[in-house]
Amino acid sequence: MLMRTDPFRELDRVTQQLFRGDGSLAPTAMPMDAWREGETFIVEFDLPGLASQDIDLDVERNVVTVTAERPARSGDQEMIAAERRRGTFSRQLVLGDNLDTQHIEASYDAGVLTLRIPVAEQAKPRKIEIAAGRGEGRQAIDA
């Protein structure tokens, strides 16, 4: 079997293991994208290889916490490469008061957790009617 080696890739792997100490190469936070579509904020987290029951979503006040668990492998396997993070990992988002945390919708498809967070009613733009003042409708009298 012919194997190509890349000394820089190997150096990067060893350096990450030394500085982090846990032997994993996956980022410590789950990657995410966030954007606004109209009156809804959408946040997507990449959680490949997990089932929906392995993911917990908690909301406390304006903090959303996503926790996921990828269990350790059982048995006496000889690992050739172990670059996927195992164990429990989480990420927190602090949401502004302009978002409605009571009506968050969550879905999980193809390894992507999607949160749809509506803008709170009090944060939506609105028209304010202006009432006529006391001075309107009066005529000025010339002396």
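Valine 63 stands opposite valine 94 in strand 5. The structure is a predicted model, with residues numbered from 1 along each chain as its sequence is written. Local features need pLDDT of at least 70, side-chain atom pairs count only at pLDDT 80 or more, totals for chains, interfaces and linings use all residues, and side-chain values use heavy atoms, without hydrogens and water.

Strands are DSSP runs of E with at least two residues, numbered from the N terminus. Strand 4 and strand 5 run antiparallel and are joined by eight bridges. Strand 3 pairs with strand 4, also in the antiparallel sense, over six bridges. Two strands pair if DSSP finds at least two bridges between them. Aspartate 56 has threonine 67 in strand 4 as its bridge partner.

Strand 3 and strand 4 form a hairpin with two residues between them. Arginine 61 lies in this turn and has a positive phi of about 55 degrees. Its relative accessible area is 76%, so arginine 61 is exposed. Exposed means over 50% relative accessible area, buried under 20%, and partly exposed in between (1.4 Å probe, protein chains only). Alanine 110 sits in the loop between strand 6 (105–109) and strand 7 (112–118). Its phi is also positive, about 55 degrees, although alanine 110 is not a glycine. Alanine 110 counts as exposed, at 73% relative accessibility.

Strand 4 is mostly covered, with six of its eight residues buried. Leaving aside neighbours within four places in sequence, leucine 115 is in contact (heavy atoms within 4.5 Å) with residues including Phe41, Phe45, Leu57 and Val64.

Methods. Helix = DSSP H or I, 4+ residues; strand = E, 2+ residues; numbered from the N terminus.
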